[in-house]
Amino acid sequence: MPPLTPTISRETPFKIDLPDSQLSYLQKKLSLTTLPDELPESGLDYGVPLSDMQRLLARWSEGYDWRKHEAELNADLPQFTRGIDVAGFGTLEIHYVHKKSITNTLKQVLAFSGPGLFIEVRKILPLLVETSKDHPSFHVVALSLPGYGFSEAPRNKGFSLAQYAEVGHKLMLALGYDEYVTQGGDWGSLITRKMASLYGPKYHKAWHTNLPIRPLLFLSHIISSLPIPFLEYTPREKSGLENTLRYYTQGSAYFAVQSKEPQTLGYSLADSPSGLLAWIYDKLRRVSDNYPWDDDEVLTWVSLHLFSRAGPTAALRIYYEVVRSFPEGSSILTMEERTSIPVGHSYFPKEIISLPSRWFSSPYLVFESQHESGGHFAAYEKPVELVDDLRKMFGRGGGAFNVVSSSDGYLSPS
Amino acid sequence: MTAPPDPYPENPFRINVSESQISQLQQKLALTVLPSELDDAGWAYGSPLPDIQRLVTRWKDGYSWKKYEAELNDELPQFMRDITVDGFGTLAIHYVHKRSQIPNAVPLLFVHGWPGSFIEVRKILPLLIETSAEHPSFHVVALSLPGFGFSDGPTKKGFNVARYAEVANKLMLSLGYQEYVTQGGDWGYYVTRAMAVEHGGKHLKAWHTNYPRSASAIHPLRSPLKYLNHLVKPYTVSEQAALDRTAQFAKNGRGYIEIQCTQPQTLGFGLSDSPVGLLAWIYEKLQTWSDTNTYKWSDDEVLTWVSIYWFSRAGPAASLRIYYEATRSGDRDITTATWEVKVPTGVSFFPKEFHLPPRRFLAFGNLVSVAEHTEEEGGGHFAAYEKPNLLVGDLRKMFGKTGGAFGAVTGKNGYN
């Protein structure tokens, strides 16, 4: 690998501080909102329920206090920006959270994406940096992917997994972490897997994901797995496969639209806060596991998308670019990505793609855990469990203990 | 002597969008927020920003809905009629109805699709009505499907294709057309197919479509000779081009359909609230599904098509539900039903239709008329609107004196 040049600009502290004009623009839009009708007893079947939307929109117009949540985010999450140069795309200003533990510890980067954001790190952050003689501690970096949060978006076509991986990697180097580990879900899973294949084992030392995927021959691999060998699957595995099938047949339309005609969709998301709320809230509800979303929580997530630096449409393009980057006939589920660094899997039962753990076999698989509850937003829904998994994986006795040569994550030398 | 009472009295209707609706649209347009776009995006990611910017600007300043509303009212005699649907109560149905001068003209029902509307009949209407010794004449009915245009939307779950077919059939019967023929593409195909299956022979006497979606006739057991022939006979250049285009659309052009089939409400919030959102969603289809080599949409034309959705009686979100209901009911299944259609069937192929099976694939029970239009002739998905002369030409052949469906309707062959 050619030597990587350091980033060209310095770290600048960042605080979210939306201009009043944006908040008053939102209020104006909300006051003009036109809602569709709804068929009686549609429930969740036709999409987001009207009563939920009415309640959320009413709250957004009156009662929801953005400044309060903005201040909390700023207090909880130390944020920065810096320029990262991406080959062929120029310099992008990247927004990220960075918090160091007080010890000499492991380094970690977490990658997030839609409809999650850097906000997803908020609950695991204090747990990760916490020090103890009983478990390792981490320095934590969580970036806003280009096009998300307060990161710049790429201006040109073709910004795909390799580019997102490059951003993550260069950010870590820029922060002085020339050896690091990662945790990722959703796009973060694919991006950190790409990082592992590009930058491991020299820089990227180990990776953990809550969305393990592996190449399947084709979708019907799942369908064909169900009937006959079905009897061999445990109830849990069967339920996971059913979840996966349901996702593909009924729950992945957003993926199809975003990967085929993101701009066409993007006009309504950019122009209608109600439309954006419906689009994102559908996901928050559908792919989480009975997580008791508070209205203000939902509104904060959606506000971060609405007021993101690049606008809500930019966040859709990762779907298009990654799908288009695959060779003819292949897809996310069929693409092989060989990695040769220690990897850990956490299985949460309501994840959108839940494959049987015994379909994964790799000499590098050093950690696995199965959970009884939890869905797609593991870091947000199950922070304690997820961090527990990471502590086990990277702690003493764990499969990835001491992967970072300079430190093992404990207060005193082991 | 007074004229006998009209046996089938109708309630005339004129579109009359209110000032408050128009000013609400203007208020929203004034607050439009546009997304960014990648450099040199062109059409690759969807509706291009320069196009949408231009259209929004026109919609705000210069485009006059009232002007086009008046034109529609002048050209298209419209009516409203209450139709009762089993299990769904009564729906107020908006339709166009114009009779030929010849009393025994062939009654024809035209059924639109999505993102179309009753407006799609506007150019074929005068041609169909036209009387001549050389070709048949038609009485024309064109309804707004429930949930579209100025028809009520269904107010209960489960309004699937059979229900749309029921509305259309009952409308024709209520107008005194005990026997009639149909023409339809897009959803018009599915609705008229259901009508042909349900009422074929009794009421629906012949059926024409420009959007043939049938199960393949090539089957090793059902049609072994055809199958063998298919194995050895290569595709023609134009068949191959059509297959490629079909595959391309199947791969890249089907994002909209998945969301409309599975979570129409989730999409519907944005389309109901954002005029530019609705515009972009529909515009993409108007451009990519039509033959832009031979048909140039004017900005005002696009805006009129979109405004019909924006000002529709049931709202834009309601129009998406046909996708959901049809999917849930298995209505979009193409492997059945077409074999069972025994009434005379006619098909027109237009070169830029996005689903274009080779002719040899067609599996209809009684195919009497096939028209294939060349690249030069042109025409895409919105055949009645893009190529009215060609489509009406095909219908005149099918129903003309030497056509396979001549005299399909008892006593009404379209000639004097």
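Which residues is Phe349(B) in contact with, leaving aside its neighbours within four places in sequence? They are Pro212(B), Leu356(B), Pro357(B), Arg359(B), Leu362(B), Val370(B), Ala371(B), Glu372(B) and His373(B). This is a predicted model. It scores ipTM 0.94 and pTM 0.94.

**Confidence**
- Chain B has an average pLDDT of 93.
- In chain B, 96% of the residues score at least 70.

**Phe349(B)**
- Phe349(B) sits in strand E8 of chain B, which spans residues 345-349.
- Its relative accessible area is 6%, so Phe349(B) counts as buried, the cut-off being under 20%.
- Val197(B) lies 152 residues from Phe349(B) in sequence. In space, the two are 22 Å apart, C-alpha to C-alpha.

**Nonpolar core**
- The largest nonpolar core holds 235 residues.
- Those with the most contacts inside this core are Trp60(A) and Leu277(A) from chain A, plus Trp114(B), Leu143(B) and Leu279(B) from chain B.
- Helix H11 of chain B, residues 275-289, gives the most to this core, with 9 residues.

**Annotated region of chain A**
- An unreviewed UniProt entry lists residues 124-202 of chain A as "domain: AB hydrolase-1".
- Over residues 124-202, chain A is 42% helix and 15% strand.
- The end C-alpha atoms of that stretch are 27 Å apart.

- Strand E7(A) covers residues 204-209 and is mostly covered, with 6 of its 6 residues buried.
- Strand E6(A), residues 180-184, runs parallel to E7(A), and 5 bridges join them.
- Tyr180(A) has His204(A) as its bridge partner in E7(A).
- E6(A), helix H6(A) and E7(A) make a right-handed β-α-β unit. Helix H6(A) spans residues 187-199.
- E7(A) is also joined to strand E8(A), residues 343-347, by 3 bridges. E7(A) and E8(A) run parallel.
- Thr209(A) has His345(A) as its bridge partner in E8(A).

Methods:
Residues numbered from 1 in each chain as written. Chains lettered and ligands numbered in written order. Predicted model: local features only at pLDDT ≥ 70, side-chain atom pairs only at ≥ 80, totals over all residues. Heavy atoms only, no water. Core = buried A, V, L, I, M, F, W, Y, C linked by side-chain atoms within 4.5 Å. Buried < 20%, exposed > 50% of the residue type's maximum accessible area, 1.4 Å probe, protein only. Helix = DSSP H or I, 4+ residues; strand = E, 2+ residues; numbered from the N terminus. pLDDT = per-residue confidence, 0-100. UniProt positions renumbered as here; feature names shortened; annotations may be inferred. Pairing = 2+ DSSP bridges. Right-handed = clockwise from strand over helix to strand, strands pointing away. Contact = heavy atoms within 4.5 Å.
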